[in-house]
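Student: I am new to this one. Please take a close look at a single part for me: the places where chains meet.

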4 protein chains.
Amino acid sequence: MEQLHEECGVFGIYSPKSCDIAKTVYYGLFALQHRGQEGAGIVVNTDGVFSSRKDLGLVNEVFSPAALAALPQGSMAVGHVRYGTTGGNSRANCQPIEVNHIKGHLALAHNGNLTNAFELRQALELKGAIFHTTSDTETIAYLITRARLTAPSIEEAVVQAMPELVGAYSLILMSSQKLIALRDPLGFRPLCYGLRPDGSYVVASESCALDAVGANFVRDIGPGEVVVIDENGLRTVKPPVSPAPKSLCVFEYIYFARPDSVIDGNSVHLARQKTGEFLAKTYPVEADLVIGAPDSGLDAALGYSHASGIPYGIGFVKNKYVGRSFIAPNQADRTNTVKIKLNPISSVVAGKRIVLVDDSIVRGTTSRQTIALLRQAGAREVHMRVAAPPFRHACFYGVDVDSPENLVANHHTPAEIAALIGADSVGYVQPEQLCHLAAQMPGICTACFTGDYPTSVPSHTEKDRFEQKLSKK
Amino acid sequence: MEQLHEECGVFGIYSPKSCDIAKTVYYGLFALQHRGQEGAGIVVNTDGVFSSRKDLGLVNEVFSPAALAALPQGSMAVGHVRYGTTGGNSRANCQPIEVNHIKGHLALAHNGNLTNAFELRQALELKGAIFHTTSDTETIAYLITRARLTAPSIEEAVVQAMPELVGAYSLILMSSQKLIALRDPLGFRPLCYGLRPDGSYVVASESCALDAVGANFVRDIGPGEVVVIDENGLRTVKPPVSPAPKSLCVFEYIYFARPDSVIDGNSVHLARQKTGEFLAKTYPVEADLVIGAPDSGLDAALGYSHASGIPYGIGFVKNKYVGRSFIAPNQADRTNTVKIKLNPISSVVAGKRIVLVDDSIVRGTTSRQTIALLRQAGAREVHMRVAAPPFRHACFYGVDVDSPENLVANHHTPAEIAALIGADSVGYVQPEQLCHLAAQMPGICTACFTGDYPTSVPSHTEKDRFEQKLSKK
Amino acid sequence: MEQLHEECGVFGIYSPKSCDIAKTVYYGLFALQHRGQEGAGIVVNTDGVFSSRKDLGLVNEVFSPAALAALPQGSMAVGHVRYGTTGGNSRANCQPIEVNHIKGHLALAHNGNLTNAFELRQALELKGAIFHTTSDTETIAYLITRARLTAPSIEEAVVQAMPELVGAYSLILMSSQKLIALRDPLGFRPLCYGLRPDGSYVVASESCALDAVGANFVRDIGPGEVVVIDENGLRTVKPPVSPAPKSLCVFEYIYFARPDSVIDGNSVHLARQKTGEFLAKTYPVEADLVIGAPDSGLDAALGYSHASGIPYGIGFVKNKYVGRSFIAPNQADRTNTVKIKLNPISSVVAGKRIVLVDDSIVRGTTSRQTIALLRQAGAREVHMRVAAPPFRHACFYGVDVDSPENLVANHHTPAEIAALIGADSVGYVQPEQLCHLAAQMPGICTACFTGDYPTSVPSHTEKDRFEQKLSKK
Amino acid sequence: MEQLHEECGVFGIYSPKSCDIAKTVYYGLFALQHRGQEGAGIVVNTDGVFSSRKDLGLVNEVFSPAALAALPQGSMAVGHVRYGTTGGNSRANCQPIEVNHIKGHLALAHNGNLTNAFELRQALELKGAIFHTTSDTETIAYLITRARLTAPSIEEAVVQAMPELVGAYSLILMSSQKLIALRDPLGFRPLCYGLRPDGSYVVASESCALDAVGANFVRDIGPGEVVVIDENGLRTVKPPVSPAPKSLCVFEYIYFARPDSVIDGNSVHLARQKTGEFLAKTYPVEADLVIGAPDSGLDAALGYSHASGIPYGIGFVKNKYVGRSFIAPNQADRTNTVKIKLNPISSVVAGKRIVLVDDSIVRGTTSRQTIALLRQAGAREVHMRVAAPPFRHACFYGVDVDSPENLVANHHTPAEIAALIGADSVGYVQPEQLCHLAAQMPGICTACFTGDYPTSVPSHTEKDRFEQKLSKK
């Protein structure tokens with residue numbers, strides 16, 4: 001498991017009139033698929049009646065033509081893509097979650113992670129609450145519906161519940177008549193909205209999902225802001241606590257988000273290209289060709305090429321048919337796992353001194369295999385340039401990082417890593433360069449590189465702490 | 001839709017040691033499949049950790065070999081088969097339901113229906129409760145877990161919660177360490193337990209499920225009784241309120257239960273045979289042959305034959321490959337829908353005066369088609385004898401009867417019904433005969449025939465009252 | 001594997017006008033499902049263009065609503081259900097087979113088995129023929145299309161090819177414009193036709209398939225007869241060689257065919273009932289109750305009861321949800337395999353002396369388990385009566401019998417078998433009684449009981465002789 | 001349908017010892033998936049016994065882990081990926097085809113198309129041959145097996161049959177003991193072989209499939225060459241008719257083949273890069289940025305950038321989750337179909353003069369949508385450069401081109417096309433430049449651009465001529 005995983009993507013839409021709204025959510029989720037590949041769900045609101053489909057699988061798999069056609073027309077809907085652990089109960093954890101309470105229905109789609117979820121949950125249970133899932137989202141649903149017992153409106157209940165929540169949350173809620181979107185006060189996870197020519201409001205984790213459904217980007221939801229959309233249009237019920245996030249996850253720029261998205265004012269592609277430029281300045285090398293590891297190293301590779309003057313080349317062909325059902329070679333085969341997915345173009349790399357730009361080194365296994373392929377194809381030198389700083393710490397805000405003991409950067413110097421992965425040299429982006437990825441950078445969270453967490457961290461950190469706790473009784 | 005539907009079957013097992021317990025539940029549910037064909041579920045308890053699989057479909061479909069193998073070993077498990085409405089949310093309503101609360105996990109499998117569910121739920125919601133499903137079972141789970149906040153044990157919490165519940169409930173609960181079974185004070189739905197040679201306790205809706213898993217029948221759970229099974233074996237924590245049920249659903253004997261089951265002391269097959277004997281005495285007729293409509297009319301037909309002296313014959317062949325995926329003929333085909341499933345044996349019925357015994361007449365459509373088949377096959381006369389009284393009223397205790405306006409007996413005399421279905425005569429079992437189906441009959445509920453309900457009836461009767469309520473907000 | 005297997009069922013229809021013909025074939029095949037559960041296929045003829053679907057699985061599985069809807073309208077169609085060996089190539093062996101030749105298309109559906117297939121095939125290969133399948137049917141297709149090179153019509157080509165074929169074949173062929181049905185001169189396998197009110201001709205292995213599609217039975221196809229159906233209706237192009245078959249497989253009456261079918265003038269149900277009467281006379285016993293092993297022993301049990309005066313009872317409940325996807329108990333479970341499918345009704349059998357009538361004993365395992373169930377349920381005595389003679393020899397005419405060394409009757413006397421299966425006594429039908437199953441019996445083949453084969457037997461007998469042969473090169 | 005389709009890819013392997021050979025073929029076919037996405041098949045040879053699986057679908061879909069595991073170990077195997085028409089019979093047309101003949105088994109995998117197939121087939125049918133499929137491959141199988149009746153070996157039979165075949169064929173045959181590979185005398189389709197460190201010989205349509213299975217490229221099979229591989233290794237039984245092909249399909253270089261393949265001595269990537277260089281010289285333009293349409297325009301775009309000095313940029317993000325099950329927007333949605341799959345990066349293209357390089361223009365619809373996206377994203381100018389000459393004629397050698405009336409280049413000048421697709425200018429590669437894509441170019445076929453066919457063309461051209469012919473009888 002040589003990858004980082006984003007936990008979620010969220011999408012919501014409010015249309016002035018009933019339409020085939022699930023299909024629009026489908027395209028939106030499809031554009032957010034890179035944010036979560038384990039499960040997908042859509043809840044449609046038809047005059048206050050909720051219909052839903054949620055299951056494990058890719059958007060394409062969960063929403064077959066028949067499944068999509070089975071969802072009714074409606075004027076509001078909310079959708080979710082999710083990364084999570086596999087297991088017997090994971091289907092129950094699919095989002096958006098739906099709850100019934102005294103004042104009506106509620107559907108919630110959540111991207112992020114609370115750091116005080118354990119304490120909040122325990123307090124609720126002591127008052128008699130029961131939980132069907134192990135996700136933070138059900139805890140948030142409880143807090144909001146409890147606030148709703150006395151609050152005059154659902155949006156007011158949301159505002160009242162927010163101070164209890166600590167951590168990262170970009171959230172879309174749908175009630176019988178309203179769509180509500182909010183973002184935590186530090187702005188860890190992105191959230192933005194747009195408007196379609198037909199008057200529909202669209203809220204999504206990334207602007208690429210607005211593009212996919214023909215919505216024009218209006219602006220990001222601010223840190224700590226709550227907006228509500230209903231028959232009167234969109235209005236802010238709680239203003240942002242600051243003009244820009246204080247702790248936007250920098251990995252959104254350098255790894256997770258799609259290059260065509262614009263987050264908190266900055267193009268993801270340009271930010272990534274910038275990492276390449278930094279690498280060219282900090283770790284120059286004499287070479288013949290700069291190539292990127294497909295697909296996530298290509299933007300930075302182009303930046304390295306521009307800044308260094310070394311020509312940019314296409315060094316690999318990626319097999320575009322690799323998917324979830326692909327049968328990976330087993331160890332006994334001694335087949336290079338990477339090779340099936342990625343084949344070097346010998347005519348390009350043979351005899352050359354190569355700068356290989358990739359997005360990250362987690363354990364080092366993939367890098368070692370990739371470099372081996374280049375050498376077999378005749379590369380004379382391979383200089384690895386990594387478009388991120390070394391990974392060292394756990395994330396408590398919604399990213400599933402490998403456990404610290406598996407992170408190669410926790411045990412080795414760059415020189416040792418170069419030896420381990422077979423590179424002639426290795427260079428990383430410097431943590432202090434990250435706040436210069438664009439002219440107008442928001443405040444960023446770099447805890448996974450530095451260990452400086454912008455909030456208190458969880459007293460119980462296991463993802464499955466509830467199972468753990470209960471299983472010991 | 002010419003049938004009556006039982007809502008559920010439940011099954012629980014407590015084994016002295018960990019084993020491939022899901023497979024035992026599978027066989028048990030398989031034997032209870034006739035009680036519910038819409039969904040199935042199993043929750044396994046492995047040292048306090050719960051694993052589950054629940055989905056829409058037959059036991060065979062939900063528990064494919066791979067799905068069954070994916071469930072872990074364990075020492076306790078609970079299972080459920082369910083009939084319910086189809087729809088977007090119905091997967092969420094699959095049982096056993098599982099909840100997490102302050103004192104641990106709980107899984108519940110429920111057969112029956114509360115008549116005060118609406119009021120209970122509203123009261124809970126006013127205290128801030130949220131609901132994920134629209135089923136009574138979640139309400140019961142709430143009441144028990146709230147009682148558990150102060151009760152010294154889960155079984156004591158169950159005993160404390162019971163007085164709040166009105167209606168029909170045969171229930172199996174599994175906590176981290178105990179299996180609990182209980183039956184409502186009127187004993188509407190059956191529940192019994194047995195013991196396997198390996199020391200496992202088995203609780204099930206019907207004794208046929210004990211047979212299927214090699215358990216020896218011990219006794220029925222009494223009305224209002226609560227038993228708990230744990231490492232010390234089985235003990236009664238709340239004794240029965242009466243030696244036998246006051247309101248056992250009589251349709252268990254004459255329609256729902258499997259003929260090989262023994263319920264509250266009486267053989268289902270013999271009770272059904274008895275209905276045939278009553279019919280022979282009350283509605284004698286000169287005829288050449290008695291035949292049963294497969295499969296559910298066969299027991300009563302044999303009774304009619306014995307009591308009347310008219311020979312018993314095999315008049316139909318039922319196509320045993322008809323299943324859920326069978327494509328029914330459409331109206332345009334003008335094909336006799338019944339014919340594909342049931343073909344008369346001409347050599348048996350041609351030229352004969354036939355007594356046809358069936359279990360019930362709901363709308364009359366099926367009876368009309370069946371009798372038409374017999375006449376086409378050459379039957380000279382067809383006398384319909386129905387092994388139940390005429391159906392006239394809704395059931396609030398867990399049976400899905402067609403709506404009263406569709407029940408042919410609400411609009412027509414037996415003579416009119418005979419004309420409608422093309423029979424030479426029609427005879428029904430008399431309601432007053434029902435308490436003589438066996439020598440030692442328990443008290444029975446005959447509300448669907450007489451309209452005399454043994455409890456208060458619901459103020460809100462729609463199955464989907466929660467959706468209705470909310471959709472209007 | 002404790003069962004006998006019929007190899008195939010065939011169905012053909014010629015309609016005067018184009019219609020949703022595949023659906024009619026679907027119902028017909030569905031009624032013939034008992035003749036073959038491994039594969040199913042339909043070929044539709046739409047103005048000379050053939051469309052088909054063939055696959056492994058039950059009729060219901062191969063023809064999902066979508067699959068059936070994908071077949072076009074047409075005026076002719078032919079269908080097939082098949083039993084065969086499982087394996088990599090078995091899909092290729094699904095029927096009807098379709099071939100293109102110089103004069104057009106041909107689709108063939110075949111029930112039976114040639115005894116000279118090996119020789120015919122070798123001769124064709126020596127002339128350059130290539131084969132895609134390992135089935136006899138392709139050989140027949142070759143012989144007919146070769147004859148067609150010179151014959152003036154397809155029906156004449158069929159007539160010319162017939163003398164080359166030795167063995168059992170009931171065959172339906174469809175060309176661009178005609179439907180042809182034929183039966184081998186000894187009449188091993190049944191074949192009959194009927195007429196629907198809309199003027200369609202229907203040909204099928206058994207009359208129950210005519211009933212299923214609303215066709216009125218007209219008559220059996222005679223031994224050696226060839227009929228052709230086209231725009232001019234049905235005509236015989238080669239008359240029967242004798243008024244009735246000389247070698248109809250007697251197992252059609254006593255085991256394979258559906259009880260509601262009428263074959264060569266006799267009711268299958270009555271023939272089966274007759275076996276019970278013979279058993280009552282030949283092997284009388286003092287007993288309290290006669291019960292049949294569901295479903296195939298019921299007809300004979302009724303006959304035994306009538307002839308002996310011992311009351312008929314319902315002794316078992318069969319779980320009607322047992323299907324192909326049912327997970328059978330494994331040895332380690334020590335669960336009685338039969339018990340999951342078949343549960344005795346204790347209230348019926350306890351304390352009784354039982355006559356148990358079943359259709360056959362192959363290896364004896366199932367009988368032993370069934371009798372054990374009865375004894376556990378309290379039966380005092382169990383007398384086994386078998387509605388067929390002892391099985392001793394292989395069949396070369398389309399029945400898959402267990403290999404002779406596994407047949408218990410080849411190694412043990414009836415008394416020994418009684419001891420082996422735990423019965424108090426065992427009685428079989430006498431081979432000489434078989435020609436008296438009805439007043440007007442056709443000539444019958446009883447080779448599997450007597451070893452007297454009505455034709456030469458194959459020089460190479462393995463089902464997979466072609467694979468064997470080639471694999472050794 | 002805005003695309004060109006290659007008909008097939010072939011793969012064969014001969015291993016000195018039995019192994020899990022199907023898995024190797026799986027990886028090989030996976031690397032050839034771009035040559036055919038409609039069907040896939042593998043035949044494994046285990047000591048002369050053939051086992052196979054063939055079905056419609058992608059390699060991943062046909063060969064699920066279970067399906068792959070069901071194939072046995074073996075020492076030889078042949079595989080195929082196929083593009084073809086969808087329809088009732090198309091499963092029967094899946095390859096490799098397998099036939100049994102007097103001398104044994106034969107499996108054939110074919111890439112190409114015969115131009116005299118109709119005449120060959122008619123001649124065979126007149127001698128009594130029957131055909132199960134409508135593909136050329138079955139005709140080839142017949143000719144070879146007929147030659148085999150007298151030829152001393154299978155390879156000699158192949159050599160004898162070749163003169164009868166006119167058109168394009170790269171073919172792999174597997175007999176019980178040998179693997180044979182051959183290529184038509186004009187060398188239309190590529191075919192090469194390599195050697196693995198374990199001594200296995202691998203034959204494949206493209207060298208990228210050798211890379212995928214760890215085989216070292218040895219050489220191309222020459223035009224008209226026949227090689228046989230058996231226990232004695234590989235030997236040529238018929239030498240090439242010329243050192244290089246006379247008529248290699250030039251579209252292999254500029255469209256079909258994978259950029260990492262090397263065909264007849266030339267790198268596909270470099271040939272494609274060369275087309276970009278030609279475009280830069282023939283159609284220079286003042287611009288700010290060169291971008292390629294992903295993925296097939298990227299190589300040429302890089303060439304254009306290098307030759308013109310205009311910077312290369314990444315202008316689009318392609319949604320990598322688009323697959324066969326993706327639900328395309330319908331017309332009513334008015335959603336830009338292309339947009340869901342391809343989103344421009346506004347920060348890159350806004351305000352720029354763009355050179356957009358794509359591989360071809362077929363109907364023009366896709367180009368129009370793509371250019372519209374760029375303009376919406378703020379591009380100031382869009383100059384379309386097409387890395388191929390205009391498409392004007394049908395291909396009879398294995399490529400499924402749209403019908404001539406749909407080809408926009410048949411009705412419009414480049415200037416008109418520019419207007420139609422909304423480009424500021426359009427430039428195509430010149431047909432005469434095609435023979436200079438590399439220093440050592442083989443003879444090429446450019447018939448689809450020029451109409452100069454290197455062989456006689458079919459008298460009957462419809463793909464489905466056999467159905468047509470027969471349906472009219």
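**Where the chains meet**

Tutor: Start with a pair that stays apart. Chain B and chain D do not touch; their nearest C-alpha atoms are 12 Å apart. Contact here means heavy atoms within 4.5 Å. Chain A and chain C are not joined by any contact either, and their closest C-alpha atoms also lie 12 Å apart.

Some ground rules come next. This is a predicted model, in which local features need pLDDT of at least 70 and side-chain atom pairs count only at pLDDT 80 or more, while totals for chains, interfaces and linings use all residues. Residues are numbered from 1 along each chain as its sequence is written, chains are lettered from A and ligands numbered from 1 in the order written, and side-chain values use heavy atoms, without hydrogens or water.

Now take chain B and chain C. Each side brings 53 residues to the contact. Together they bury about 4,200 Å², with 62% of that on carbon and sulfur atoms. Buried area is the accessible area (1.4 Å probe) that two parts lose on being put together, summed over both. On the chain B side, the residues that lose the most area to chain C are B:Phe30, B:Tyr321 and B:Ile327. Together they make up 17% of what that side buries.

What about charge pairing? A salt bridge is a side-chain nitrogen of Lys or Arg within 4 Å of a carboxyl oxygen of Asp or Glu. Polar contacts do occur: 14 residue pairs are in polar contact between chain B and chain C, both residues at pLDDT 80 or more. Such a contact is a pair of N or O atoms within 3.5 Å; within protein, one must be able to donate a hydrogen and the other to accept it, and residues adjacent in sequence count only if both atoms are side-chain atoms.

Helix 1 (residues 21–31) of chain B gives the most to the side that touches chain C, with five residues. Helices (H or I, at least four residues) and strands (E, at least two) are DSSP runs, numbered from the N terminus. By class, the side of chain B that touches chain C has 27 nonpolar, 16 polar and ten charged residues. Nonpolar covers Ala, Val, Leu, Ile, Met, Phe, Trp, Tyr, Cys and Pro; charged covers Asp, Glu, Lys and Arg; the others, Gly among them, are polar.

Symmetry comes next. Chain B superposes on chain C by a rotation of 180° with 0.0 Å of shift along its axis, at an RMSD of 0.0 Å. That is the relation of a two-fold axis. The superposition is by least squares on the C-alpha atoms of residues with pLDDT of at least 70 in both copies. B:Lys320 comes closest to the axis of the residues of chain B, with its C-alpha at 3.8 Å. Of the interface residues of chain B, 100% are also interface residues in chain C, so the copies meet through the same surface.

Turn to chain A and chain D. Here the contact takes 53 residues from each chain. The area buried is about 4,200 Å², and carbon and sulfur atoms give 62% of it. A:Phe30, A:Tyr321 and A:Ile327 lose the most area on the chain A side, together 17% of what that side buries. Salt bridges between chain A and chain D number zero. The polar contacts come to 13 residue pairs, both residues at pLDDT 80 or more. Helix 1 (residues 21–31) of chain A supplies the largest share of the side that touches chain D, five residues. That side divides into 27 nonpolar, 16 polar and ten charged residues.

A rotation of 180° with 0.0 Å of shift along its axis places chain A on chain D, RMSD 0.0 Å. A:Lys320 has the C-alpha of chain A nearest the axis, 3.8 Å from it. Again the same surface serves both copies, as 100% of the contact residues of chain A recur in chain D.

Last, some context. One joins A:Glu277 and A:Lys274, whose closest N and O atoms are 3.6 Å apart. A:Glu277 and A:Lys274 are about one helical turn apart, because they sit three residues apart in helix 9 (residues 268–282) of chain A. Chain A itself has 16 helices and 25 strands.
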